[in-house]
Amino acid sequence: MVRICADGSTVTEVVERSGRHVFRALLTIEREEEVAAIAAEVNAICARTGVLLEWSEVRLVAIDVSDGADTADVLGYLAGLAEAGRLEWEWSDIGPFEA
């Protein structure tokens, strides 16, 4: 739960955390065919396990990591790509909220 300003345009405070986190990954490879193949695999893993995701452009994906979600397969797949230098990643909640 969050608190917003009077006009409703800005979040001013996190009142209660939801227990959800977002894992964001940016594919750093250039070949469109390779990007498409990786995106298809990520989509397939998430569909199979019921994990929610959203792509922005063609190389940036946000994956919902909620309590109890089966994210091991997709995060394991992405970790392998990170180790191979094919993507960079971050967690959404790495620092405290600031308005």
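## Around helix H2

Just after helix H2, Gly-85 takes a positive phi of about 75°. Helices (H or I, at least four residues) and strands (E, at least two) are DSSP runs, numbered from the N terminus. This is a predicted model, in which local features need pLDDT of at least 70 and side-chain atom pairs count only at pLDDT 80 or more, while totals for chains, interfaces and linings use all residues. Residues are numbered from 1 along each chain as its sequence is written, and side-chain values use heavy atoms, with hydrogens and water left out.

H2 itself covers residues 72-83, which is 12 residues. From first C-alpha to last it reaches 16 Å, close to the 16 Å expected at 1.5 Å a residue; that expected span is 1.5 Å times one less than the number of residues.

Which residues of H2 are buried? They are Val-74, Leu-75, Leu-78 and Leu-81, where buried means under 20% relative accessible area, exposed over 50%, and partly exposed in between (1.4 Å probe, protein chains only). Looking down the axis of H2, these buried residues fall within an arc of 115°, so they line one face of the helix. The arc is that of the directions from the helix axis to the C-beta atoms. As a handy reminder, an α-helix has 3.6 residues a turn, so residues three or four places apart point the same way.

On the other side of H2, you will find Ala-72 and Glu-83 exposed. The buried residues, for their part, pack against helix H1 (32-49) and strands S3 (21-27), S5 (60-65) and S6 (87-91). Contact here means heavy atoms within 4.5 Å.

Thr-71 sits in the loop between S5 and H2. Is this residue buried or exposed? Thr-71 is buried, with a relative accessible area of 11%. Leaving aside neighbours within four places in sequence, Thr-71 is in contact with Val-51, Asp-64 and Val-65.

## The chain as a whole

Stepping back, the protein chain has two helices and six strands, and along the sequence they follow the pattern β-β-β-α-β-β-α-β. Its C-alpha atoms fill a box of roughly 45 × 30 × 20 Å, taken along the principal axes.

Of the 99 residues in the chain, 23% are buried. Among contacts between residues at least 6 apart in sequence, 60% join residues at least 24 apart. The chain exposes about 6,600 Å², with carbon and sulfur atoms supplying 52% of it; these accessible areas come from the Shrake-Rupley method with a 1.4 Å probe, and for residues only the protein chains shown count as cover.
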